[in-house]
Amino acid sequence: MAEEDDTVHYTGAEGGWGSVRGIVETGLRERPSLAALDTLRRQNKPGGFMCVSCAWTKPAKPHTFEFCENGAKATLWELTTRRCTPDFFAKHTVTELKGWKDYDLEQQGRLTHPMRYDRASDKYVPCSWDEAFAGIGRELRAIDPGAAVFYSSGRASLETSYLYALFARLYGHNNLPDSSNMCHETTSVALKEVIGSSVGTCVLADFELCDAIFFFGQNTGSNSPRLLHPLQEAVRRGCRIVTFNPVREKGLEVFKNPQSPLEMLTPKETQISTLYLQVKAGGDIAAIMGMIKHVLAAEDCSWREKRQHVLDVDFIEQHTTGFQAVRAKAEATGWDEIERESGLARADLEQAAQIYIDAPRSIAMYGMGLTQQVHGFDSLAMLTNLWLMKGNVGRDGTGISPVRGHSNVQGQRTVGISEKPELVPLDRLAEQFGFNPPRDKGLNTVDACKKIVSGEVRAFIGLGGNFVRAIPEREKMEAAWTGLRLTVQIATKLNRSHLINGEVAYLLPCLGRSEEDRQAGGAQAVTMEDSLSCIHGSIGKAKPASPDLKSELAIVAGIAKATLPPNSRVKWDDWTADYALVRDLIEATYPEEFHDFNQRVFTPGGFYRGNSARERVWKTDSGKAQFTVPSVMSSVGFADAPGRYRLMTLRSNDQFNTTIYGYSDRLRGIEGTRDVLLMNPEDIAAAGLTAGQVVGLATDAEDGVDRQVGGLSVTPFLLPRGCLGAYYPEMNPLVPLDHHDEQSKTPAAKGVPVRIVA
Ligand SMILES: Nc1nc2c(c(=O)[nH]1)N[C@H]1C(S)=C(S)[C@@H](COP(=O)(O)OP(=O)(O)OC[C@H]3O[C@@H](n4cnc5c(=O)[nH]c(N)nc54)[C@H](O)[C@@H]3O)O[C@H]1N2
Ligand SMILES: Nc1nc2c(c(=O)[nH]1)N[C@H]1C(S)=C(S)[C@@H](COP(=O)(O)OP(=O)(O)OC[C@H]3O[C@@H](n4cnc5c(=O)[nH]c(N)nc54)[C@H](O)[C@@H]3O)O[C@H]1N2
Ligand SMILES: [Mo]
């Protein structure tokens, strides 16, 4: 698509001076201490602390400053000198604070004291830690454990997460929804089914060997910028990059390395994508089908001409099942349907497929563009089909690599935070701690929301995060929330979820990962797992924001101890004093992945916990890798209709999920506002609208619920026709709770059916 002059776009490269300016500006807004700058120097280094921003891996040989613009923002955000003290809460009622913007709430800085909600004054008032733990324990003991939900938001360490999950099971439930339920749960379900592994198969060395990398629906420049370094290196040695994304994301077009002085001083920048295809939102299944058709045609041709196979026939024969059915489906699917559903031309798809054919080794990377769709499962299964055809799984330099979100979201699942009891070694836990773990399926995010609405859930504990802002169906959920008996939020900064409180509510402030965590046994280290399944140790050194903070682990242990009857095998105090003891417990529960855990904590580059699919051991029903015939050609799950658009809810370059750092989406050229509706110029004209006109969106669903968001300025933007873009979390009131991936229940936030309203 040709660039049109009246569309909003960015002309510089990702990285470069713009990213340095981004860091400095956040620094000024957050008023960091000098120690904060020292902390940045230690970020993502062995023996240092691991960034709280994205989950991209931390290399063994780090750059001098192994962080990116957004990682630095996340650290400076945590190490701000601003404080949200009991004085602040004394001045404002909760009802008043509900009227504030999310940005202004977090701008109050770090929470300093444990607080309890006081109904009479409608204010949070300070309380002691003992009082808080005793109060929460009393409430939890009074309800049926099945009526409690323990949420986690992907940041807490392996040690804390392990104990949190253990606490849930000792107490009596598997209701452990995780931010992953809104994010890569589609991955956990789909990859598990098709290759028998719920996580990606790549290691960092694969990026040094691959000949092509394909990106589907992942915005590297904003959400995992450190990945741009290996990408840039790959491009320089001739690796080809192909991107499928409705938005022309700058980071995948060009990159300028802020850590290379030469590149900063000269106009030199690396072109990242060889081919950039603006697929329609939800058009990936069709696009991949087109590529598969071309690969099959190329195979037929080389067979006729007695040339080398295009397919890896030995691999397909020995390692997979279902190939013929996928071949038959591809043959039966016409190019007209593929072009219509993907929004892409046959020639472009054939060009992408030819790059795939020509590359001896290819890696597939993807993000929310694939997972947050009604048929996200089918998209991932299709991607896997294409990757299996050339044996691009379980071979050096190849693989499927989902780019995870929160810095420890993958690890939390590894150590037991899961609502699915079959994924947890319950027998081993039973033996280790002498109890009968609950075997019933727990609640995921969508199911927890439903039972909060129906009143069956009575208590909610949030280990980090901003649940009420992150979930779909905001209006209904906020209203239902206040019907809860107990809400407990463990957090670093004030956010909206803390103000939508239950009858009894506590707000418990915790240490951030960059801060020193000193316990009875001395200074403590914690661990996390990155997107490539490497486990890293992390030691915070910064002075805690307040002397009254506790670590997340100490808070979880404190609540657990106050809730549960004594058990001689369950030693909350000892574990809090020395986290190495918790690592021993993790090792005992997961001996294969975590053997010699304490000895390996500070392995440079992390230690790899292994992946069966990488070894071509397929833990699937058939014992083989599974070709899967897609059930549909579009992943959005609704038909096109006049006036109906596909809304993608997007992250800007100046936010971390519900945390808004500022109003500059630098890489998309959108400045000073988030109240925009990104729209193709021809669609604007066809709808009789003009640029700058203020409109609203309404969900186009026939379930009798009126969902609207207003005040959006129509902004011409290079999107495929029929697709709209607007920001998350502002658009969450538009996402129906039942609009989610069919198998995993991940909310389908990248394909919401909407109408434009005046
Ligand atoms: N700075 C920063 N870093 C972050 C985060 C943050 O908010 N800020 N969040 C973290 C978290 S929790 C996560 S999960 C990750 C999220 O990182 P990503 O996976 O990159 O998620 P998004 O930014 O939501 O959107 C991904 C991309 O999908 C594209 N897209 C939308 N619909 C489709 C589609 O139908 N097909 C295709 N092919 N593409 C589509 C969008 O244009 C966008 O570029 O980032 C993590 N890192
Ligand atoms: N429409 C739409 N909805 C979405 C998405 C989308 O793309 N579109 N994305 C989804 C995705 S991928 C995700 S992961 C979820 C995110 O959902 P969450 O993980 O629940 O939300 P966050 O915004 O990451 O949480 C931010 C809050 O975490 C707290 N916090 C920060 N650091 C720490 C810490 O170290 N410890 C503790 N205890 N608390 C801390 C702070 O109080 C901060 O306000 O949102 C989902 N919702
Ligand atoms: Mo996420």
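Helices (H or I, at least four residues) and strands (E, at least two) are DSSP runs here, numbered from the N terminus.

**Entry 1: the model.** I am working with a predicted model, so I looked at confidence before anything else. The protein chain has a mean pLDDT of 93, and 93% of its residues reach 70 or more.

**Entry 2: the shell around ligand 2.** Which residues come nearest to ligand 2? Of the 32 around it, I found Glu106, Tyr151, Glu552, Thr658 and Tyr728. By type, the shell divides into 13 nonpolar, 13 polar and 6 charged residues. Among the secondary-structure elements, I noted that α24 (467–470) and β16 (486–491) each supply at least two shell residues.

**Entry 3: polar contacts.** I went through the side chains next. Asparagine 732 has a polar side-chain atom 2.8 Å from a nitrogen atom of ligand 2. For lysine 750, a polar side-chain atom lies 3.0 Å from an oxygen atom of the ligand. Asparagine 657 places an N or O atom of its side chain 3.1 Å from an oxygen atom of ligand 2. I also checked cover: on its own ligand 2 has 930 Å² of accessible area, and the protein covers 97% of that.

**Entry 4: domains.** Why does ligand 2 lie between domain 2 and domain 4? Both domain 2 (83–183 + 408–602) and domain 4 (645–757) give residues to its shell, so the ligand lies between them.

Technical notes:
Residues numbered from 1 in each chain as written. Chains lettered and ligands numbered in written order. Predicted model: local features only at pLDDT ≥ 70, side-chain atom pairs only at ≥ 80, totals over all residues. Heavy atoms only, no water. pLDDT = per-residue confidence, 0-100. Near = heavy atom within 4 Å. Polar contact = N/O pair within 3.5 Å; in protein donor to acceptor, adjacent residues only side chain to side chain. Areas by Shrake-Rupley, 256 points an atom, 1.4 Å probe, with all protein chains shown as cover. Nonpolar A, V, L, I, M, F, W, Y, C, P; charged D, E, K, R; others polar. Domains from an automatic or database assignment.
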